[in-house]
Amino acid sequence: MNQRLTHHRRLRTAAHLTFGTAASRVYLGLVLAVTVFVTVDTLFVVHDDASLAGVWVFFLAAPTVFLFLIGGSLVGAEGGGPAWFVYLALAVSVLVQACALGWFSRLLRRTGRTRSAHPQGA
């Protein structure tokens with residue numbers, strides 16, 4: 001039972017870091033806004049040439065999305081793999097980076113609290 005509680009606590013901490021901090025929420029909101037823009041641009045705007053709007057989603061998911069795509073090509077997928085793999089790589093990359101942002105913001109808050117008001121001890 002204790003191991004189950006530990007896994008539950010770790011999962012809850014990871015979810016809080018990914019969705020509960022201000023930095024991760026701003027990042028996820030920005031990704032959502034850009035994804036909506038890319039979807040509207042792709043489905044409803046007629047272009048004479050190819051639109052590069054989808055590149056912005058990759059910019060926001062970089063650098064971790066490229067690690068997934070390189071890993072997919074090492075396994076044998078050509079050109080980044082099938083479309084479902086690229087979308088999955090984008091989603092997982094965004095979630096990993098949101099969790100990393102949450103962890104980093106929590107780390108900055110903790111180091112900010114441990115500093116004393118008088119660094120020389122006076």
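User: Which helix gives the most residues to the lining of the largest pocket?

Analyst: In this predicted model, the largest pocket has a volume of about 320 Å³ and is lined by 14 residues, with Thr-35, Val-38, Val-57, Tyr-87 and Leu-90 lying nearest its centre. Helices α2 (22–44), α3 (55–61) and α5 (83–114) each supply at least two residues of that lining. With six residues, the helix that gives the most is α2.

User: Is Ser-24 buried or exposed?

Analyst: Ser-24 has its place in helix α2 and, leaving aside neighbours within four places in sequence, is in contact with Leu-17, Thr-18, Phe-19, Ala-98 and Gly-102. Because its relative accessibility is 0% and the cut-off for burial is under 20%, Ser-24 counts as buried.

User: What is the relative accessible area of Leu-17?

Analyst: Leu-17 has its place in helix α1 (residues 2–19), and, not counting residues up to four places away in sequence, Leu-17 touches Ser-24, Ala-98, Cys-99, Gly-102, Trp-103 and Arg-106. Leu-17 and Phe-104 are 87 residues apart in sequence, while their C-alpha atoms are 9.1 Å apart in space. Leu-17 is classed as buried, and its relative accessible area is 7%.

User: How many aromatic pairs does a search of the whole structure find, and what is the arrangement of Trp-56 and Phe-59?

Analyst: The search of the whole structure finds two aromatic pairs. The ring centres of Trp-56 and Phe-59 are 5.4 Å apart and their planes stand at 80 degrees, so this pair is edge-to-face. Both residues lie in helix α3, three residues apart, about one turn of the helix. The count is therefore two, and the arrangement of Trp-56 and Phe-59 is edge-to-face.

User: At what angle do the ring planes of Trp-84 and Phe-85 stand?

Analyst: Trp-84 is exposed, with a relative accessible area of 58%. The rings of Trp-84 and Phe-85 have their centres 6.1 Å apart, and the pair is edge-to-face because the angle between the planes is 90 degrees.

Technical notes:
Residues numbered from 1 in each chain as written. Predicted model: local features only at pLDDT ≥ 70, side-chain atom pairs only at ≥ 80, totals over all residues. Heavy atoms only, no water. 1 Å grid on protein atoms, 1.4 Å probe; cavity = no way out; pocket = protein on both sides within 12 Å on 5 of 7 lines; lining within 4 Å. Points joined across faces, edges and corners; volume = space filled by probe spheres on them. Helix = DSSP H or I, 4+ residues; strand = E, 2+ residues; numbered from the N terminus. Buried < 20%, exposed > 50% of the residue type's maximum accessible area, 1.4 Å probe, protein only. Contact = heavy atoms within 4.5 Å. Phe/Tyr/Trp six-rings, centres within 6.5 Å; stacked < 30°, edge-to-face > 60°.
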